[in-house]
Amino acid sequence: MGLRSLIESRLLRHSALAVIDQAVVSGTSFATSVLLARHSTREEVGSYYLALSVLLLARGIQEQVICAPYMIYCHKQPPAQAGRYAASALVHHVALSWPVFLLIFLAGWSGLGPDEARGVWLAVGFGGPLILLRECVRQMALAHLRLGQALLLDGLACVLQLGLLGAAAAYGQLTVRGTLMILALAAGLPAIGWILSAARWLRPSLRGAWNDLLLNWQFGRWALASHLLAAMTPYLMPWAVAWSHGTAETGLWGAANTLVGLSNIFLMGLCNSLGPRAAQAYAAGGLAELKGVLLRTAALFGTTLGGLCLAAWVCGEWIAVALLGPQFAGLGPLVGLLSVSVLVNSVGVVAGNGLWAMDRPRASFLADAAAMGVVLVATAWWVPGGGPLGAAAATLAGTSVDALVRLAILRSAWRQGIQEAVPCTS
């Protein structure tokens, strides 16, 4: 595999556009966190990241149950059924997200939890469905490799979100609750516009939605189980830090993750094109075509994330103070450890997408179970004494185990697939 073929490959062109789109998404999130950090206390930043962890957990569940199966099966639908299958995904979104966030809204309304958190949970409950709706339609566009649509959707959301946040900051009215409400408004308006523009193509059917749910669940149950094991780490870790060290230390954890989010631009951006490309490659060319896609993506990950990891160790402390202010001094080692974790996680991401493309989501379950076991032990051992730095070490331990086990499973599945493809001779 030469450098020239990599540069000229269709994968790289798709990946570049996907990275640009993810740069808009992650850059908007990054700018939001920086604005809030500069106009709030560390305790308020900690509260924001606790609320954000709930939104990310709900988004992750939606991704595994709705978006991941859609990415795999939308390419297998007859053209006449594509509109029905897409409409089913939106029906599934409503059925999944709206009841959950209604309960969160009612919990905030009834005053459960600390008084200062009531407004935050009301905002999460009200805005959560709109935030997840935008993510649902975005993932549907990416599944069809309609990267221009995704970029337009995310660009509109970026302009709305940063414009409203900037105005609130200029007038000294930027709060955690207000930030969450702005996130919901900026996500909901473009998503509703996308649905209206696609209305002629969509063919909703309740019976079809039920049948599609049964089909998706065959894949999604294993993807969800794996997600609830391995991917729970970023959702639970802020709460572990908050319980053991308070919301001020949680603010440090959130600030470090904000800076490492720059690395996630490349990781998530390439993933947005890797999943659909891997599924298409395996459907069209089998194991050989899939292997080429995975190897080229791994090379891109190593180049981009490796360089960003080095920069994090060298410049992480200076960047933290320059962007977030002196109250966040001392983040250098924390940012460095989390950057290494992102680099290691990219290995597991490549292997996991290969297993998904081969329609073997169950095969990743062992890797996720092993990783979660390591994370739980490491968290209980390191977080009480080490705080955010201990949480970063526990995260790195989990991603390392996950990557190693997932690679071993992919290699075994690969050999099995090759043996099945070779006809027996007497």
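1. His92 touches Ile66, Ala209, Asp212, Leu213 and Asn216, leaving aside residues up to four places away in sequence; contact means heavy atoms within 4.5 Å. This is a predicted model, in which local features need pLDDT of at least 70 and side-chain atom pairs count only at pLDDT 80 or more, while totals for chains, interfaces and linings use all residues. Residues are numbered from 1 along each chain as its sequence is written, and side-chain values use heavy atoms, with hydrogens and water left out.

2. His92 lies in helix α4 (residues 82-110); helices are DSSP runs of H or I with at least four residues, numbered from the N terminus. His92 counts as buried because its relative accessibility is 10% (buried is under 20% relative accessible area, exposed over 50%, partly exposed in between, with a 1.4 Å probe and protein chains only). Between the C-alpha atoms of His92 and Cys67, 25 residues apart along the chain, the separation is 10.0 Å.

3. Of the 26 residues of α11, 20 are buried, so this helix is largely enclosed by the rest of the structure. Helix α11 covers residues 332-357.

4. Leu164 is placed in helix α6. Leu164 counts as partly exposed because its relative accessibility is 34%.

5. Confidence deserves a comment. The protein chain has a mean pLDDT of 82, and 88% of its residues reach 70 or more; pLDDT is the predictor's confidence in each residue, from 0 to 100. Over residues 421-426 the pLDDT is below 50, and this stretch has zero contacts in the model beyond near neighbours in sequence. Where pLDDT is low, the predicted coordinates should not be read in detail.

Conventions: Helix = DSSP H or I, 4+ residues; strand = E, 2+ residues; numbered from the N terminus. Expected span 1.5 Å × (residues − 1).
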